[in-house]
Amino acid sequence: MTSRSTLTAWLAGLDAPRLSRVLGIRKDTLAPPEPRSMEESAERLLRPGSVALVLPQLPLPCLQVAETLAALGTPLSRGALARALGATAPTASRELDAALEALADHALVWPDGAGYLHMVAPLRHVWDAPLGLDASLEELLEGVTSEELRGMLVELGIKPPGTRRQRTAAVLEHHGDPQRVAAVIAQAPSAARQLLERRAKSAPQSTEFVVFGAAMANVPPGERWALDRGFLIPDRHGCGPGRMPAEVTLALRGPDWSAPFDPVPPVAELVPVPAVEVEREATAAATAFAIHAASVLSACSAAPPVRLKSGGIGARELGRIGKAAQADDAAVRITLEVAYSVGLLGADGDRIAPTAVYDTWAAQEPVAQFADLLHAWWNLQLTPSQSRDEDNKSLAAVAGAPRCGACLQARRGLLAAAAALPEGQGVRVGTDLGPLVAWHRPLAHPSFHDETPFAAAVREAELTGVIARGALSRLGAALATGDREKLAVACRRLLPEATRTARFGGDLTAVVVGTPSVRLAELLDSTADRESSGTASVWRFSGDSVRRALDTGRTPDEISAELTAVADGPLPQPLSYLIADTARRHGRMRIAPASCVIHSGEPALVAELAAHRALAALGLRQLAPTVLVSGSSPDKTLAALRGQGYAPVAEAADGTVRIERVPPRRAAEVPAPRKATARAGTGRSPRRTAEAPAVDPSAVAARLLITPPTVPEPDPFGTGVPFGTDTEEIVAGYAKHLPYTDVRQLAHAIDTGTAITVEYVAASGSRTVRTLSRLELDPPYLEALCRLRNADRVFTLSRIQGVMPAWADDLA
């Protein structure tokens with residue numbers, strides 16, 4: 001039966017809960033349990049794109065079972081699979097069943113009615129050489145001629161049949177017996193035997209190339225012996241070394257060889273950890289992070305950070321925000337990335353500023369704020385605390401990094417590893433969970449500069465209270481369910497209720513134990529300077545902080561009343577004196593907007609101007625009996641006054657009268673016309689006209705030949721040269737500082753797939769010259785293979801400072 005029919009039959013035999021689970025995991029399916037819908041669901045489950053989404057979520061045993069099935073081919077009996085994996089013992093057999101159950105829940109592998117296992121077709125192509133095995137003998141023999149098959153059988157001592165099909169069957173029968181294959185190779189010459197044994201231990205290589213038509217001319221003697229007997233099959237395209245069939249590889253590995261199968265996670269050093277200590281530490285961490293996050297976003301609201309030209313928030317602005325919020329770099333980066341991902345922050349010109357969504361979020365209580373941020377962190381497809389790239393250069397925050405599914409799976413694997421620990425026990429230090437994460441999510445990637453695997457993910461989980469004392473907290477357990485309501489309940493139980501009062505001291509400080517309420521934090525932030533945040537937050541009052549409150553229009557009595565309402569006792573006298581003293585000095589000087597000043601020694605004239613209705617458009621305001629200020633410019637004010645019959649004069653900046661002298665207008669000088677000579681035989685002069693210059697026809701023709709045709713729009717650089725391709729227009733739009741010659745050269749390299757050398761300025765400011773190949777344009781980024789690092793890198797187009805042809809030394 002085909003994969004679709006076997007999958008349909010298997011789905012039809014599932015009970016309702018199992019069917020719901022299978023179709024619920026793969027969200028690209030709909031699952032009403034009618035037979036017609038089963039066929040449609042099976043068709044959707046077999047889509048190639050869905051496999052790539054599922055595999056990163058699987059633990060190591062599931063991937064090992066899937067790779068073995070891809071190597072051996074399906075349908076395959078469960079017993080044959082168990083023998084190939086060495087999972088015949090009872091304990092290992094149960095673990096194999098669990099792995100098959102998990103693969104079935106994802107509709108990747110399923111049994112048919114006879115007990116044979118089938119797998120979704122796209123899963124076969126995930127591995128280039130599963131278990132280090134090349135293609136099967138039957139597949140490799142498709143490119144072998146009948147005469148070559150005859151030669152193989154003769155060398156093996158088998159009488160060749162007459163037809164190609166019979167000869168193919170004879171070779172398949174011989175090589176399908178591992179003992180016969182091992183016996184023949186044991187009698188082979190030493191060079192051939194060593195070559196085959198070495199090839200059987202390693203994955204097939206495809207990096208050697210030979211010239212067409214000469215593939216068999218310089219074959220080493222050992223390889224020639226193997227090729228003549230079909231233990232190596234020449235490539236059907238005539239290039240590369242001979243390929244070893246999977247049957248030959250398995251025969252050489254011997255009957256004791258088995259595919260890797262690690263059903264049990266690695267052993268970690270565990271220590272007893274009482275649940276009360278886990279909850280206590282998780283509460284402290286979550287409380288501190290909630291306070292820091294609110295302070296970070298409040299600092300961004302007060303002074304939105306400036307974006308770098310290349311995008312994102314640089315180290316200087318991060319330091320400023322951290323200092324204002326009393327938070328370390330990791331907490332600042334996590335808060336900014338998470339807030340940006342859910343729309344609390346957004347780009348506003350050259351700054352990153354809070355949005356209208358932030359106002360709604362800020363009005364919530366701290367527990368609800370923290371639950372929103374934690375849920376967003378759980379689904380974030382990047383590592384927000386990462387501050388350095390693979391080249392150890394400083395990274396900007398909120399720079400629009402590419403989505404990283406492996407970073408998300410690192411977080412998921414961390415919680416899965418912590419949840420699997422025995423109750424009441426935890427690892428000695430949080431980073432000891434790294435090997436367990438690698439087992440639960442083998443396809444997850446650690447950060448570039450993790451000293452131990454997944455140290456960044458562990459650090460973020462500890463900062464947010466998800467992991468505490470090397471164990472999973474109640475908060476982490478609720479987060480792993482993906483249920484926002486359960487997470488909100490856990491946050492309310494774990495985090496203390498918001499504090500609504502403060503303790504004011506005679507040293508002009510206010511101390512809040514726990515998480516301050518939104519109203520309390522806003523009041524203290526508006527009247528004092530925050531000195532520290534955490535399980536206890538401290539604000540300090542000063543003359544400047546009280547002045548800021550008075551600047552908003554509040555009176556000293558209102559400030560005192562508001563502080564008294566949140567105090568757990570009477571306000572200290574020093575604070576009351578500070579408010580009263582600052583209020584006495586507040587407003588003794590006033591600053592009024594004005595574009596110019598009108599003054600006169602006649603108070604009556606000044607009063608007349610102030611009351612003149614025709615001059616109301618000037619916005620005149622009397623500051624003193626002899627002084628007016630105007631909201632209009634000096635020239636406009638002069639014109640208006642003169643238009644009403646007054647005779648004002650203008651003053652210079654030093655108080656002297658400004659002389660208004662307008663120079664007379666003169667035309668531009670033109671050359672005088674040449675004098676014309678009189679015509680011969682006439683008595684009068686001809687009409688006075690300028691003589692036309694002599695014209696050289698050859699020069700005119702040469703100019704016409706080199707003149708470009710009419711330039712179509714757009715003319716991007718004002719040089720008369722239009723964009724040649726869409727790629728040029730895209731590159732020029734992001735790399736605006738590049739000359740058009742560099743834009744065309746870079747666009748040509750992208751379109752043709754040729755290598756290019758660029759001068760690049762990293763986010764840290766360092767300037768390097770790199771040769772790039774395999775260019776892929778993903779505005780505003782350029783993805784390419786960097787020959788300097790010998791790895792794939794992502795480059796920002798705006799940081800490319802120059803373009804030149806690829807250097808031959810770098811391409812060697």
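Modeller: Serine 77 has its bridge partner in strand E3, and that partner is tyrosine 116. The model is a predicted one. The pairing of serine 77 and tyrosine 116 belongs to the contact between E1 and E3 (residues 116–119), two strands that run antiparallel and are joined by two bridges. In general, strands of a sheet pair through backbone hydrogen bonds.

Most residues other than glycine have a negative phi. Alanine 107, in the loop between helix H7 (90–105) and E2, has a positive phi, near 55°. Alanine 107 is also buried: its relative accessible area is 0%, and the cut-off for buried is under 20%.

Phenylalanine 454 sits in the loop between helix H21 (434–440) and helix H22 (455–463). With a relative accessible area of 5%, phenylalanine 454 is buried too.

Now for the surroundings. The protein has 812 residues, of which 41% are buried, and its secondary structure comes to 34 helices and 21 strands. Taking contacts between residues at least 6 apart in sequence, 61% join residues at least 24 apart.

Another sheet can be set beside the one above. Five strands form an open sheet in the order E20-E19-E18-E17-E21, with antiparallel pairing. Its edges are strand E20 (791–796) and strand E21 (800–805), each with a single partner strand, so one side of each lacks a neighbour in the sheet. On average, neighbouring strands here are turned by 45° against each other, direction ignored.

The pairings can be followed strand by strand. E17 (residues 756–761) pairs with E18 (residues 767–778) in the antiparallel sense over six bridges, and valine 761 has arginine 767 in E18 as its bridge partner. E18 in turn is joined to E19 (residues 781–786) by five bridges, again antiparallel. Within that pairing, leucine 777 has leucine 782 in E19 as its bridge partner. E19 and E20 are linked antiparallel over six bridges, and alanine 784 is partnered by arginine 793 in E20.

The turn from E18 to E19 deserves a word. A hairpin of two residues joins these strands. Proline 780 is found in that loop, and the peptide bond from proline 779 to proline 780 is cis, with omega near 5°. In general, most peptide bonds are trans. This sheet also has a helix across it: H33 (residues 740–752) lies across E17, E18, E19 and E21, running at about 65° to E21.

Helix H12 (residues 190–201) has twelve residues and spans 17 Å from its first C-alpha to its last, close to the expected 16 Å. Its buried residues are Ala192, Leu195, Leu196 and Ala200. These cover an arc of only 130° around the axis, which puts them on the same side of H12. They pack against helix H11 (178–186), helix H13 (221–228) and helix H14 (246–253). The face turned away from the buried side of H12 carries Arg198 and Lys201, which are exposed.

A last pair is H16 (residues 315–325) and H17 (residues 329–341), whose axes come within 9 Å and cross at roughly 105°. The two helices are therefore roughly perpendicular to each other. Where they meet, H16 contributes Leu318, Ile321 and Gly322, while H17 contributes Asp329, Val332, Arg333 and Leu336.

How values were computed
Residues are numbered from 1 along each chain as its sequence is written. This is a predicted model: local features need pLDDT of at least 70, side-chain atom pairs count only at pLDDT 80 or more; totals for chains, interfaces and linings use all residues. Side-chain values use heavy atoms; hydrogens and water are left out. Two strands pair if DSSP finds at least two bridges between them. Helices (H or I, at least four residues) and strands (E, at least two) are DSSP runs, numbered from the N terminus. The expected span of a helix is 1.5 Å times one less than its number of residues. Buried means under 20% relative accessible area, exposed over 50%, partly exposed in between (1.4 Å probe, protein chains only). The arc is that of the directions from the helix axis to the C-beta atoms. Contact means heavy atoms within 4.5 Å. Axes are lines fitted to C-alpha atoms, for helices over the stretch in contact, and angles run from 0 to 180 degrees between N-to-C directions. Angles under 35 degrees count as roughly parallel, over 145 as roughly antiparallel, 65 to 115 as roughly perpendicular and the rest as oblique.
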